[in-house]
Amino acid sequence: MPDSKRHNFQDVFFNGHPVNGQNPHPIPPPKKEPPPPPPAPDKKKKKKRRFFLRKPNPKTKPKPQKKQPPKKHLGWKIAFWILIILLLTAAGFIFFLLSRVNYSRDDLNHEAVIQEVGELKSDPNVENILIFGADNHASDEYGRSDTMLLVSLDKNHHILKLTSFLRDLYLDIPGYGEDRLNAAFSYGGPKLAIQTIEYHFRIKIDSYIVLDYESFTSIIDTMGGIEIELTEAEIDYIDWQSWKNKQVESRYELDAGSFPYSEKGLATVHLNGRQALWHARNRNSERSDFDRTDRQRAVFNIVLTKLKESDPFTLTGIAYKIAPMITTNMNLGNMLGIFFGTLQYLRYDRTEFRVPQSFNYADVWVGDKEVLKIQNIEEERKALQRFIFESELPDKS
């Protein structure tokens, strides 16, 4: 074979056969070096792309934009803060007003009575408040209680119930023996008087209020006096007592003969505080103390009606003036409840009761004192409990 056709094995292995140009072991191409990484961006010089410069992605749905709530007007904000300031001012004034009341912090000690007589009738929705009208000029430490009026706030039936206890009731006073009921106030103040009532009538009295004669007069005057229907004899009694006690110069201040009287013998008279007090203390009639308690409840009802017709600002003004004249064993929380519930309680229906009932007593002389003795204490007790805690009311006779 000619030399020209001879092929070196080494050439064929590395360069392929010259016939077909195949190279079973091609020399791999040189590796390309990766391009150098781009320089790190300068954060200080980097500018944020604005939203409107971004290209929207056609594959994604645009998110619905949330509606921005309308901005409140500046006037509403000012009104809101003014309201907050007014409410805080009102709350501060109410606390200041109630702080003017005389708080006795007197513990009524119901447990001592319960140990003696058993459970006392009570209801969480019936609040019993005993109002004392006391003569602070008496020689006794506590004075004499001419008025004992139990005010029952019956929230179950929305009724304001008024119960008068006659001062001449002859009862056993714990620790002192038998005596008139008003003597209990003289011996031990409101606490002993309440224990005496609880002991005999088995009702729980929650709290008390004491008003002296001067306070009663000031309250009526603060309200601008009262309008009340009186007989000619009642008008003349007021004139007589005012003149006799040298409170006026004229014997006939009101002058009973100057009023027109109805067929029932009544005339409408305007009384100031002093005159209203003499009327409430009047027992110069045939039924004596029974008539006096009737007059006291009549005056109290007129005061409540006048308060009912007053606006909240007038009520607050009256409360401010009379607060220092009140002595009570209620705490500030109780007084707040009474204060805020006043407008509601004044809208309640009202009814009256009296202890003793007219058919359940006897006039008895004990030494030189004429007193009232209850003939059937159990019957009187049940009648009083029905009146205070139930909706079915007994006769007012």
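User: What makes up the lining of the largest pocket, and which residues lie nearest its centre?

Analyst: This is a predicted model, where local features need pLDDT of at least 70, side-chain atom pairs count only at pLDDT 80 or more, and totals for chains, interfaces and linings use all residues. Residues are numbered from 1 along each chain as its sequence is written, and side-chain values use heavy atoms, without hydrogens and water. The largest pocket is lined by 50 residues. Leu304, Leu307, Ile322, Ile326 and Thr342 lie nearest its centre. Lining residues have an atom within 4 Å of a pocket point.

User: Which helix gives the most to that lining?

Analyst: Helix H10, residues 332-346, with eight residues. A helix here is a DSSP run of H or I, at least four residues.

User: How do the lining residues divide by class?

Analyst: There are 43 nonpolar, five polar and two charged residues. Asp, Glu, Lys and Arg count as charged. Ala, Val, Leu, Ile, Met, Phe, Trp, Tyr, Cys and Pro count as nonpolar, and the others, Gly among them, as polar.

User: Why is Arg295 called buried?

Analyst: Its relative accessibility is 8%. Buried means under 20% relative accessible area (1.4 Å probe, protein chains only), so Arg295 counts as buried. Arg295 lies in helix H8, residues 289-308.

User: What does Arg295 touch, not counting residues up to four places away in sequence?

Analyst: Glu234, His279, Asn282, Arg283 and Ser285. Contact means heavy atoms within 4.5 Å.

User: How much of the chain counts as buried?

Analyst: Of its 397 residues, 39%.

Note on methods
Buried means under 20% relative accessible area, exposed over 50%, partly exposed in between (1.4 Å probe, protein chains only). On a 1 Å grid over the protein atoms alone, a cavity is a set of points where a 1.4 Å probe fits but cannot get out, and a pocket is an open set with protein on both sides within 12 Å along at least five of seven lines; lining residues have an atom within 4 Å of a point. Helices (H or I, at least four residues) and strands (E, at least two) are DSSP runs, numbered from the N terminus.
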